[in-house]
Amino acid sequence: MLTVSMNVNGQSVSGEIEERTLLVQFLREHLKLTGTHVGCDTSQCGACVIHVDGVSIKSCTMLAIQAEGSEVVTIEGLAGNGQLHPMQQAFKDNHGLQCGFCTPGMVMSGVDIVNRNGSEVDEATVRKELEGNICRCTGYHNIVKAIQAGAKDMGGQ
Amino acid sequence: MYNFSYEKVSSVDKAVEIIRSAEDGKFLAGGQTMLPTMKHRLADPSNLIDLGGIKELKEISSDENSVTIGAMVTHAAVAASIEINEAIPALSKLAGNIGDPAVRNRGTIGGSIANNDPAADYPAAVIALGATVITNKREFVGDDFFTGMFETALDDDEIIVSVKFPKTEVAAYMKFENPASRYAIAGVFLAKTADGVRIGVTGATACAHRGMRLEDALNQDFSPNSVDKIDLPVEKMNSDIHASAEYRAHLVKVMTKRAVQACT
């Protein structure tokens, strides 16, 4: 057993974990932050995407202990003061989801895309950058629209 | 996943010391292959020695003739490095097309090369560019390092420290990728070097290799047409649900032609 400490959504947390505990297990089972999903076992679906030290990672493909001392942001950390994050609001406004299972990963990847490409990111770039996020409902059109709209709304932040 | 002992080290010497005393230890780089393999219980190491704390493995440096990339430099960092893009633009582009953005933020050049997946991208670049793989014990040049499917010349207690690439302005990497994994069904890295055209082929056979027949033809006539008349050995090509051996042999030629066009 190991003790792991990190900052999750602005709060210091720690826990006793087995060495093999994945970061997504630590978030879901220890911290009860079940917004981050697990959709596959091959690291391809992207439902578990979160931000560690400012960049997107697949939390099913990282050990919890590897995040020791890191700043972690999950989907639960985006909204503040009772208001959705602009990217969440854009998904709602543009019907960027149907069943919603992939949505936490899509939103976290969307924010990461804007962080790296700016508020005027074009459609082709969004589609290429979404390679690691799979959606089985929407056909992606409204997700891409939502991310571009969210990008504009994030511009002022 | 079976459980294991975990230790994060801050020096290469410490990592070597631990693995020598471990029953069946493995080095952990970016973990983008290692962890999925362990989740499927296809690997069951007794110890994971995390190289993430070794600062010297995360450095990028260059001199007049070469650029040296530390083993723990991520694909995202290679793709974003102005230094690497100026030295070998084709290598930046290759790194920026591995997997997806989240995978690129974790996966490393050293991990990719040490794993030597038959469909990985970096081995083709190491072979075509005649790069030097520098370990804590010795140096390997180009294709000497890759010995078979998931096999390399590394000893169990040997760590890749860095990979040194000769600066090469005219080069291109073309891959026909699996749409889910982004691994190469066939990938061709072509480099115009001082010694002529060099080609590294990945995804097609058990292990990335030099495309000698393609090189010979292109050294005589550097045009897409000269690729047409070559017969590639279909019996050596991989065959699976994604592509037959015949299709892969065809794809290698198509990717080579595209690389030639990109370098013309």
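Predicted model: local features only at pLDDT ≥ 70, side-chain atom pairs only at ≥ 80, totals over all residues.
View 1. Lys58(A) touches residues of both chains. From chain A come Ser43(A), Gln44(A), Cys45(A), Gly46(A), Cys48(A), Val49(A) and Gly132(A). From chain B come Asp100(B), Ala102(B) and Val103(B). Residues up to four places away in sequence are not counted; contact means heavy atoms within 4.5 Å. Lys58(A) sits in strand β4 of chain A. Strands (E, at least two residues) and helices (H or I, at least four) are DSSP runs, numbered from the N terminus. Is Lys58(A) buried or exposed? Lys58(A) counts as buried because its relative accessibility is 2%. The cut-offs are under 20% relative accessible area for buried, over 50% for exposed and partly exposed in between (1.4 Å probe, protein chains only). Its side chain makes a polar contact with the side chain of Asp100(B), at 2.6 Å. A polar contact pairs N or O atoms within 3.5 Å; within protein, one must be able to donate a hydrogen and the other to accept it, and residues adjacent in sequence count only if both atoms are side-chain atoms.

**View 2. The interface of domain 1 and domain 2 in chain A.** Domain 1 spans 2-77 and domain 2 spans 86-154; these bounds come from an automatic or database domain assignment. The C-alpha centres of the two domains lie 21 Å apart. The contact takes 18 residues from domain 1 and 14 residues from domain 2. Together the domains bury about 1,200 Å², 60% of it on carbon and sulfur atoms. Buried area is the accessible area (1.4 Å probe) that two parts lose on being put together, summed over both. His37(A), His51(A) and Ile75(A) supply 41% of the area that domain 1 buries against domain 2. Across this interface, 7 residue pairs are in polar contact (both at pLDDT 80 or more).

**View 3. The largest nonpolar core.** This core has 38 residues. A nonpolar core is a set of buried Ala, Val, Leu, Ile, Met, Phe, Trp, Tyr and Cys residues joined through side-chain atoms within 4.5 Å. Ile113(B), Tyr122(B), Phe165(B) and Phe189(B) have the most contacts inside it. Helix α8(B) gives the most to this core, with 7 residues.

**Notes.** Residues are numbered from 1 along each chain as its sequence is written, and chains are lettered from A in the order in which they are written. Local features need pLDDT of at least 70, side-chain atom pairs count only at pLDDT 80 or more, and totals for chains, interfaces and linings use all residues; side-chain values use heavy atoms, without hydrogens and water.
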